[in-house]
Amino acid sequence: MTTGLQTLDTDACLTLLRGVAVGRIAWAGDDGTASVLPVNFVLDGTAVVFATAPGAKMDAIQAGRPLTFEADDLEPALRTAWSVIVTGPAEVVTDPAEAERLKSLPLAPWVPSPRPFFVRLTPEKISGRRIPLHPGGVTTEHIDPGDEPT
């Protein structure tokens, strides 16, 4: 069993991304300050798609800022985790037929927006890594039924 940090190939990264619904979009402002905001997302092929309303994310996309998308999952008790990063250009989907098609994807925003815009981040690079499950180290506690409160 490998115990070191594992580098994931593109297929493994995409498989992991399909199993989670929330990631983060990050970009740098004019002053170099990084902004990171959570998004509900879905994969459309290899592209990351999310819906958003006017605001900081839309401003960054419309300004042509490079975006980075990150999603992860972890299991603290088992000390295992993974993280996937997708970088590439993002665009607001303006074609009505394409926006209608994207509505059929299983994208479920947690905050409904009266004017959602679909954004597509087309990957130029997909990378990921995993902290594999380590043998041992998991502690279990057994409760004696006689110790339960009455």
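Phe69 is buried (under 20% relative accessible area, with exposed meaning over 50% and partly exposed in between; 1.4 Å probe, protein chains only), at a relative accessible area of 0%. The model is predicted, so to speak of local features requires pLDDT of at least 70 and side-chain atom pairs count only at pLDDT 80 or more, while totals for chains, interfaces and linings use all residues. Residues are numbered from 1 along each chain as its sequence is written, and side-chain values use heavy atoms, with hydrogens and water left out.

Phe41 is likewise buried, with a relative accessible area of 5%. The partners are 28 residues apart, Phe41 in the loop between strands S3 (34–40) and S4 (42–44) and Phe69 in strand S6 (residues 67–75). Helices (H or I, at least four residues) and strands (E, at least two) are DSSP runs numbered from the N terminus.

Of its 27 residues, Leu17, Phe41, Phe69 and Val86 touch the most other members. Helix H1 gives the most to this core, with four residues. Beyond neighbours within four places in sequence, Leu17 is in contact (heavy atoms within 4.5 Å) with residues including Phe41, Phe69, Trp82 and Val86. A second, separate core has eight residues, among them Val49 and Phe118.

Methods
Core = buried A, V, L, I, M, F, W, Y, C linked by side-chain atoms within 4.5 Å.
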